[in-house]
Amino acid sequence: MSPDDLMFEDDEAGTVPARLTTAAVPWPVLVVDDDEQVHAMTRVLLNDFEFEGRRFAIVSAFSAAEARTILAERPDLPVVLLDVVMETQDAGLRLVHHIRRDLGNRHIRIILRTGQPGQAPERDAIVAYDINDYKSKAELTAQKLFTSLVSAVRGWRDLVTIETLNQSLEHRVAERTAQLERQTALAEEQRRFIENLVELMPSPVWYKDSAGRYALCNRAFRELFPNAADGAEWSSEGQELPGQDLPEQVFPEQAPSGTTAFSFETSVAGPDGDARELLVVKRPLSSPDGAATGVIAIATDITERRRMERELQRLATTDPLSGAHNRRHILELLERLLTGLDVVPEGRQAAGMACLIMLDIDHFKRINDEMGHGAGDLAIRRVVEVIRGQMRATDQIGRIGGEEFAILLPDSSRADGVAIAERLRSGLAALAIELSDGRNFQLTGSFGLTEVQTLGDTVESVLGRADQALYRAKALGRNRVEVM
């Protein structure tokens, strides 16, 4: 019996699975042998083999050169049954080197089988060549062939699975690394954007850490507090800011109870010495365990807004010609006095004592007609100046209309009011008004006084009595004080 006959001897009946699956793609087995009969018999035997529901199908190569071509085109082959002696005595061994070194195929399982073991002894072949099994054709029965093929296919499958998983893992790692790099780059870009945005903000922005250091601040803060070094890691402890309040003196750190963010208005001296009015919003920061870590804040300069508000308030309450209160505002002050909203200072007359004086410039139409309206306007302004020079700090004057004025004297008895009114009348009578063209004139005023009963009178009743007193003063010859 030849070695080839022994190779196909079935040494155990019933070892080949009876049920074969034809639906699955068969396992390809590359057979490299220059003996055509070996290919034919191998094909017959493999037709009865099945592993994991898949049959075996051979791919034939009758020389090492032909095998090289097939292997270049079919990197998916799991097993090669390789003869040693073919076109040359070591053609099979050279093919092993080609597979491993030139093609770099580390997955394919190489079963070296030979009918002439002396040409490639097993120990030398296993050590010198990267093969996975060594079989002599004389001992390779059908059962051993099946065992060798199953072991080889299983090894190839596991290697491919591991490499696939490794490639998948490498791909995931590379993808995750790229994602992290993109996220890091985006975070850095966002950080730079926020830093530049905060730095360019016209409002002072700062962060004060738990140690009391102004750890971060923007350009506007440094301009407002130039002695705060560069703003980074600056501590105000022990430092003096000449002509300037310390930030922590101006900006209290404690939030009202039960609040997180809070706001307040304050005034500071700017670098130029001018007062700056600020609206400050602060928010304490804390760690996850609740410990205080610092506070962030932003201050908005509301100096111009407050100036405009005061100007609007002035325009809304001031007569533009005389500079006195306008009619609406002086009557509002009278209303507040009557309703008790204005508190009488300590040490003054008892609450409930006040007077209202109605003043009318005598013969004002004659001044306009003879001297011109410019003279009339000048007369109104000078009258207000004289009266304000004679009034107390608590007294108020308002222009009711035309040449008529109301003078409110809080915290004054009737006798006090009469004395003040007489003083004002004398001051007006002594007033000499000179025009720009050299002409000059004098004027007088008639005064009607009434006592105001707070929490009892009304604006209309007080004005009515004061008007009656004024009418009587004018009827009795003007330039006098009458009381009603």
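Colleague: How far apart in helix 11 are lysine 365 and aspartate 369, in helical turns?
Modeller: This is a predicted model, in which local features need pLDDT of at least 70, side-chain atom pairs count only at pLDDT 80 or more, and totals for chains, interfaces and linings use all residues. Residues are numbered from 1 along each chain as its sequence is written, and side-chain values use heavy atoms, with hydrogens and water left out. Helix 11 covers residues 364–371; helices (H or I, at least four residues) and strands (E, at least two) are DSSP runs, numbered from the N terminus. Because lysine 365 and aspartate 369 are four residues apart in this helix, their separation is about one helical turn.

Colleague: Which residue forms a salt bridge with lysine 365?
Modeller: A salt bridge here is a side-chain nitrogen of Lys or Arg within 4 Å of a carboxyl oxygen of Asp or Glu. The closest N and O atoms of the pair are 2.7 Å apart. The partner of lysine 365 is aspartate 369.

Colleague: Is aspartate 457 buried or exposed?
Modeller: Buried means under 20% relative accessible area, exposed over 50%, and partly exposed in between (1.4 Å probe, protein chains only). Aspartate 457 meets arginine 465 in a salt bridge of 2.7 Å, N to O, and arginine 465 is partly exposed at 22%. Aspartate 457 has a relative accessible area of 16%, so it counts as buried.

Colleague: What is the distance between the end C-alpha atoms of helix 12?
Modeller: The expected span of a helix is 1.5 Å times one less than its number of residues. Helix 12 (residues 373–390) has 18 residues, so it should span 26 Å. The distance in the model agrees: 26 Å.

Colleague: How many bridges join strand 13 to strand 15?
Modeller: Strand 13 (residues 353–361) and strand 15 (residues 404–410) run antiparallel. Isoleucine 357 stands opposite isoleucine 407 in strand 15. The number of bridges joining the two strands is seven.

Definitions and conventions
Two strands pair if DSSP finds at least two bridges between them.
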